[in-house]
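Notebook open, structure loaded. I want to look up the charged pairs and then the aromatic ones.

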Amino acid sequence: QVQVIESGGGLVQAGGSLRLSCAASGRTFSIYQMGWFRQAPGKERQFVASMRWGGGTTGYADSVKGRFTISRDTAKNTVYLQMNSLKPEDTAVYYCAVNPTGGGYEWWGQGTQVTVSS
């Protein structure tokens, strides 16, 4: 079984910053891509950012481009999400997920709460 554990959420004022971390561990597995998603109350889960393990190609939702940065530490099977210039609309539970083969995200974390006050 692969475990995916997020950390780093919290309460921050608008304009502030937070850094989320996500570590994948467990039995032997491969990583094609890791991604961040978020779900606000009453809304569907939405894509935030992703990074391919080989090559480091990144993708971002339009709503976070220029404010959020995804990075990785391949030795630690860890991905980070640096969130700057946070807005109240960024408030959500942030989830990390692992796409092991390119066929889709299979393993998900339990989420970490990010709350941005105005």
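First, my burial cut-offs: buried is under 20% relative accessible area, exposed is over 50%, and partly exposed is in between (1.4 Å probe, protein chains only). I'm working on a predicted model, where local features need pLDDT of at least 70, side-chain atom pairs count only at pLDDT 80 or more, and totals for chains, interfaces and linings use all residues. Residues are numbered from 1 along each chain as its sequence is written, and side-chain values use heavy atoms, with hydrogens and water left out.

**Salt bridges**

I counted a side-chain nitrogen of Lys or Arg within 4 Å of a carboxyl oxygen of Asp or Glu, and that gave me three salt bridges.

I looked at Arg 38 with Asp 90, which meet at 2.9 Å, N to O. Arg 38 lies in strand S4 (33-39) and Asp 90 in the loop between S8 (78-83) and S9 (92-99), so this pair ties together parts 52 residues apart in sequence. My strands are DSSP runs (E, at least two residues; helices are H or I, at least four), numbered from the N terminus. Arg 38 is buried at 6% relative accessible area, and Asp 90 is buried at 1%.

What else does Asp 90 form a salt bridge with? I found Arg 67, with the closest N and O atoms 2.8 Å apart. Arg 67 is in the loop between S6 (58-60) and S7 (68-73), so its pair with Asp 90 ties together parts 23 residues apart. Arg 67 is buried too. Shared partners join Arg 38, Arg 67 and Asp 90 into one network.

I also noted Asp 62 with Lys 65, at 3.2 Å. Here Asp 62 is exposed at 65% and Lys 65 partly exposed at 48%.

**Aromatics**

For rings of Phe, Tyr and Trp (its six-membered ring), I took centres within 6.5 Å as a pair; planes under 30 degrees apart are stacked, over 60 edge-to-face, the rest tilted. I got five pairs.

Phe 29 and Trp 107 have ring centres 5.8 Å apart and planes at 80 degrees, so I logged them as edge-to-face. They sit 78 residues apart, Phe 29 in the loop between S3 (18-26) and S4, Trp 107 in S10 (107-108). Both are buried.

Phe 37 and Phe 47 are also edge-to-face, with centres 5.8 Å apart and planes at 75 degrees. Phe 37 is buried at 11%, while Phe 47 is partly exposed at 32%.
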